[in-house]
Amino acid sequence: MVQQRLPSFDVAHLGGRSGRRFVLTLAVGVTLGFILALLLITSTKDVPHMFSWIPGSSGLARDPHHYSELESEIGPETEVTFHGEDEDFHKGEDKIAQDMARKVRVLCWIMTGPKNHQSKARHVKATWGKRCNILLFMSSAEDTSLPTVVLPVKEGRDNLWAKTKEAFKYAYEKYKDKVDWFMKADDDTYVVVENLRYMLSPYNPNSSLYFGCRFKPFVKQGYMSGGAGYVLSKEGLRKFVEEGLPDKTKCRPDNGGAEDVEMGKCLEKIGVRAMDTRDPHGRGRFFPFVPEHHLIPNHVDKNFWYWKYIYYKTKDGLNCCSDSAVSFHYVSPNMMYVLEYLIYHLRPYGINHGLEKLPPDQASTLTDY
């Protein structure tokens with residue numbers, strides 16, 4: 001049987017004028033098709049971050065869901081200065097917050113790395129980080145502009161547990177007599193430090209306590225989201241460093257495992273209690289995503305892992321979040337400054353926010369449910 005070979009297509013076989021017309025038509029068609037595809041993607045609400053591959057696109061920065069979606073995000077190249085930092089716009093407004101800072105002393109250490117020093121960490125320092133009593137940047141390389149604490153751990157997500165252990169050991173050994181509470185946060189976490197102090201104020205730092213966004217799998221009492229940030233009392237950290245880390249049956253000795261899960265397992269074994277951080281209305285204070293993902297109903301698919309992990313029944317929409325919220329995660333560098341302005345500088349005319357009374361001492365009586 002003789003197989004017939006189909007003739008191959010070759011533009012050169014076309015006539016000169018018709019060939020050029022064909023190529024021109026093809027080029028125009030491809031261009032129009034590409035433009036229509038972009039327009040279609042732009043108008044589709046259910047396909048977020050579709051433009052993340054376009055250089056210079058900032059769309060993904062406003063609605064991140066994963067650390068990789070902030071990889072290309074860069075913050076302002078020049079220093080951002082708000083009014084009131086060197087003038088008297090808000091003079092006297094923060095007296096109560098200043099008093100609280102002396103009574104509820106918080107050390108904040110930031111998980112960062114060399115490639116993020118200038119793209120992320122410096123924006124934490126310029127915004128919320130300055131309100132901590134002590135601010136440390138944990139890295140593997142020196143950077144005097146932050147400055148960094150150089151830990152003997154390699155970078156990479158496979159080493160986060162090792163880095164966390166070394167960071168908490170350093171913080172405890174250097175500052176155990178200078179602060180009451182120790183908070184771990186990522187370099188894309190935004191923290192309202194005044195609200196953190198307000199939440200911690202009823203508790204005794206000499207009790208073994210652990211606060212954050214509580215997840216329910218893997219650990220009986222739950223564990224706290226690493227990205228939303230979590231807090232250990234001074235006694236809780238002492239037990240972690242002196243009782244947990246030296247005992248291989250209590251804390252995982254190698255570098256592997258998810259940092260926040262391994263921390264939760266270890267703290268449960270040494271008797272550090274995972275606390276309920278919701279406000280009196282049952283609204284959360286620590287959040288693993290940007291505000292938009294929690295505030296906008298049905299923004300996140302109900303089959304998304306978050307709804308399976310969250311420890312307490314949680315609402316979305318405006319009832320999701322406490323008026324005294326503490327933290328949000330996957331916050332881009334630019335959004336750090338937006339939040340800074342909205343929280344600390346924007347003043348609706350004629351509205352005076354009254355101060356809630358500090359809650360009574362609950363250190364020995366609080367029931368967790």
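Biologist: Cys 320 and Cys 321: buried or exposed?
Modeller: Both Cys 320 and Cys 321 are buried. Keep in mind that this is a predicted model.

Biologist: What do Cys 320 and Cys 321 form?
Modeller: They form a disulfide. Their sulfur atoms sit 2.1 Å apart. The angle about the S-S bond is -80°, and the link is left-handed.

Biologist: How many disulfides does the count come to?
Modeller: Three. Number the bonded cysteines along the chain, and the pattern reads 1-2, 3-4, 5-6.

Biologist: Which cysteine does a disulfide join to Cys 108?
Modeller: Cys 132, with an S to S distance of 2.0 Å. This link is left-handed, with -90° about the S-S bond.

Biologist: And which parts does that pair tie together?
Modeller: Cys 108 lies in strand S1, residues 106-111. Cys 132 is in the loop between helix H3 (117-126) and strand S2 (134-139). The pair therefore ties together parts that are 24 residues apart in sequence. Both of these cysteines are buried.

Biologist: OK, what is Cys 251 joined to?
Modeller: To Cys 266, by a disulfide with S to S 1.6 Å. Cys 251 lies in the loop between helix H6 (234-244) and helix H7 (259-269), while Cys 266 is in H7, so this pair ties together parts 15 residues apart in sequence. Cys 251 and Cys 266 are buried too.

Biologist: What about Cys 213? Why does it count as buried?
Modeller: Because its relative accessibility is 5%, and the cut-off for buried is under 20%.

Biologist: Back to H7. How many of its residues are buried?
Modeller: Eight of the 11, so H7 is largely enclosed by the rest of the structure.

Biologist: Which residues of H7 are buried?
Modeller: Glu 259, Asp 260, Val 261, Glu 262, Met 263, Gly 264, Cys 266 and Leu 267.

Biologist: What covers the buried residues there?
Modeller: The cover includes helices H4 (160-175) and H6. It also includes strands S4 (181-186), S6 (209-211), S8 (223-224) and S9 (230-233).

Biologist: What residue follows H7?
Modeller: Gly 271 comes after H7, and its phi is positive, near 85°.

Biologist: New topic. How many residues are in the largest nonpolar core?
Modeller: It has 82 residues. Trp 128, Tyr 210 and Phe 240 have the most contacts inside it. Helix H4 gives the most to this core, seven residues.

Biologist: Now H3. Which of its residues are buried?
Modeller: His 117, Ser 119, Lys 120, Ala 121, His 123 and Val 124.

Biologist: What do the buried residues of H3 pack against?
Modeller: Strands S1 and S2, strand S3 (148-150) and helix H10 (333-344).

Biologist: How do the axes of H3 and H10 cross?
Modeller: At roughly 10°, and the axes come within 9 Å. The two helices are therefore roughly parallel to each other, because angles under 35 degrees count that way.

Biologist: Which residues make the contact?
Modeller: From H3, Ser 119, Lys 120, His 123, Val 124 and Ala 126. From H10, Pro 333, Met 336 and Tyr 337.

Biologist: How do the residues of that contact divide: nonpolar, polar, charged?
Modeller: Five are nonpolar, two are polar and one is charged.

How values were computed: Residues are numbered from 1 along each chain as its sequence is written. This is a predicted model: local features need pLDDT of at least 70, side-chain atom pairs count only at pLDDT 80 or more; totals for chains, interfaces and linings use all residues. Side-chain values use heavy atoms; hydrogens and water are left out. A disulfide is a pair of cysteine sulfur atoms within 2.5 Å. Helices (H or I, at least four residues) and strands (E, at least two) are DSSP runs, numbered from the N terminus. Buried means under 20% relative accessible area, exposed over 50%, partly exposed in between (1.4 Å probe, protein chains only). Contact means heavy atoms within 4.5 Å. A nonpolar core is a set of buried Ala, Val, Leu, Ile, Met, Phe, Trp, Tyr and Cys residues joined through side-chain atoms within 4.5 Å. Axes are lines fitted to C-alpha atoms, for helices over the stretch in contact, and angles run from 0 to 180 degrees between N-to-C directions. Angles under 35 degrees count as roughly parallel, over 145 as roughly antiparallel, 65 to 115 as roughly perpendicular and the rest as oblique. Ala, Val, Leu, Ile, Met, Phe, Trp, Tyr, Cys and Pro count as nonpolar, Asp, Glu, Lys and Arg as charged, and the others, Gly among them, as polar.
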